[in-house]
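Biologist: Please take me through this model, and give the cut-off behind each term as you use it.

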Amino acid sequence: MPGTTATRTARLFNRSTWPEARRIADILRKETIGGALLLAAALAALIWANSPWAQTYQDLRTIEAGPAALHLNLDLATWAADGLLAIFFFVAGLELKREFVAGDLRDLRRAAVPVAAAVGGVVMPALVYLTVAGGAGARGWAIPTATDIAFALAVLAVIGRSLPDALRTFLLTLAVVDDLIAIVIIATFYTSHLLMLPLLAAMVPLAVFAVLVRRGVRAWWLLLPLAFACWALVHASGVHATVAGVLLALAVPVLSRTPPTGNGTADGPGLAEHFEHRFRPISAGVAVPVFAFFSAGVGLGGLDGLAGTLSDPVAMGIVAGLLVGKPVGILAATWLVARFTRATLDEGLAWIDMAGLAVLAGIGFTVSLLIGELAFGTGETDARVKIAVLAGSLAAALLATVILRLRARLYRRIHQTETADSDHDGIPDLYQQP
């Protein structure tokens, strides 16, 4: 009314809109299943690599396949890292573009928190790693910077089934932004040699792909060869081939080409959502678990060998980065956003909830292992990197379990409220476990 001023306090982690909540719930279910497969694949690789048949595991990793004429006669481990992870980054790129074009994060106020947290969760682990590892291991500074969303959600499915949807959405968005930052880091800092001709040539199939998808073309027999050509040329240029996955994803339109209906919304999902539904199960159910299987197998050398490995400066830097740097960076960035925007946590939540989520984000696996291989290649240091990533991620999972379990009763109450609201609005409970 005139003459009065209504003040509205900004809130962190307030509930998403129902359409966004529905979409996020679908993503979380698929990623949680993928996380279980990832854990199973990593465990199988570890058992095999520490069994009497360890050499057969190493022999399997080095089997070569692919056309030699195209310089793509790569071993299976390289195909998993360069080829299958391109699918993973393609899906991550689609999700990130979808969030900022048509999701809740098109609102800058909503986007500020997870983006700032992701940046803090990259900068602080890198600084902690460099402080602990010293100059000898400086090339591995980016190893503890990325959150493994599938691994984290698999843990969350066990310990936090009733976690409020806003916190789940925050974790998912943080991890997706993390992945984008990681791919920029890989392209910028882990490209040892660059051949401009193949890189420029890769822009041709990419441009054709972009024109076709913007015209609404969905034919796999037309788009897939273009995507493969772009991937192969980026691989030949010396830039890590997973970059091609992100470039292709960013070319896909988010909004539907169908004219808006009377209520101002487009009729049906855009092509990005269509591709995301098609490729997320492949990414979560095949690409990431297979990469985990070929990357996680490392000989531990018994308790003495494990203790010796974890006392290495590089290994200690990775563990410290994941277990200390990651949560501190996320918490500090989130607190600063709240401080400067004068925002408060949503009703019922406290900073201990944010702390549990920040510790959970210290689970780094898929991208951490990839960066470790790029930084140090194969050999003794790479083995130490793998053990450190596994140890740091396991420690983060256990610590997050303790913190989040302390608040389990509160989460159940919030979950019941969200369920009641969804039933009242005629929308099924998206987070109910089958």
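**Terms set against values**

Modeller: Leu74 is buried, with a relative accessible area of 13%. The model is a predicted one, in which local features need pLDDT of at least 70 and side-chain atom pairs count only at pLDDT 80 or more, while totals for chains, interfaces and linings use all residues. Residues are numbered from 1 along each chain as its sequence is written, and side-chain values use heavy atoms, with hydrogens and water left out.

Biologist: Why is Leu74 called buried?

Modeller: Buried means under 20% relative accessible area, exposed means over 50%, and partly exposed lies in between (1.4 Å probe, protein chains only). Leu74 has 13%, so Leu74 counts as buried. Leu74 lies in strand E3 (residues 74-75); helices (H or I, at least four residues) and strands (E, at least two) are DSSP runs, numbered from the N terminus.

Biologist: What is Leu74 in contact with, leaving aside its neighbours within four places in sequence?

Modeller: Contact means heavy atoms within 4.5 Å. With those neighbours left aside, Leu74 is in contact with Ile63, Glu64, Ala65, Trp79 and His235. Leu74 and Thr62, 12 residues apart in sequence, are 8.5 Å apart from C-alpha to C-alpha.

Biologist: What makes Leu38 buried?

Modeller: Leu38 has a relative accessible area of 0%, and is therefore buried. This residue is found in helix H1 (residues 18-49). Not counting residues up to four places away in sequence, Leu38 touches Asp148, Ala150, Phe151, Val288, Pro289, Ala292, Phe365 and Thr366. The C-alpha atoms of Leu38 and Val288 are separated by 6.5 Å, though the two residues are 250 apart along the chain.

Biologist: Why are H3 and H6 called oblique to each other?

Modeller: Two packed helices are described by the angle between their axes and the distance between the axes. Axes are lines fitted to C-alpha atoms, for helices over the stretch in contact, and angles run from 0 to 180 degrees between N-to-C directions. Helix H3 (residues 76-101) and helix H6 (residues 165-189) pack at an angle of about 120°, with axes 9 Å apart. Angles under 35 degrees count as roughly parallel, over 145 as roughly antiparallel, 65 to 115 as roughly perpendicular and the rest as oblique. H3 and H6 are therefore oblique.

Biologist: Which residues of H3 and H6 meet?

Modeller: Phe88, Phe89, Ala92, Glu95 and Leu96 in H3 meet Leu172, Val176, Val177, Asp179, Leu180 and Ile183 in H6. By class, this contact has 9 nonpolar, no polar and 2 charged residues. Ala, Val, Leu, Ile, Met, Phe, Trp, Tyr, Cys and Pro count as nonpolar, Asp, Glu, Lys and Arg as charged, and the others, Gly among them, as polar.

Biologist: What makes H11 roughly perpendicular to H15?

Modeller: The axes of helix H11 (residues 302-310) and helix H15 (residues 380-406) come within 10 Å and cross at roughly 95°. That angle makes H11 roughly perpendicular to H15. Leu306, Thr309 and Leu310 in H11 meet Arg384, Ile387, Ala388 and Ala391 in H15. The residues of this contact divide into 5 nonpolar, 1 polar and 1 charged.

Biologist: How do you know that helix H14 is mostly covered?

Modeller: In H14 (residues 366-376), 8 of the 11 residues are buried. Among them are Thr366, Leu370 and Ala375. Just after H14, Gly377 takes a positive phi of about 65°.
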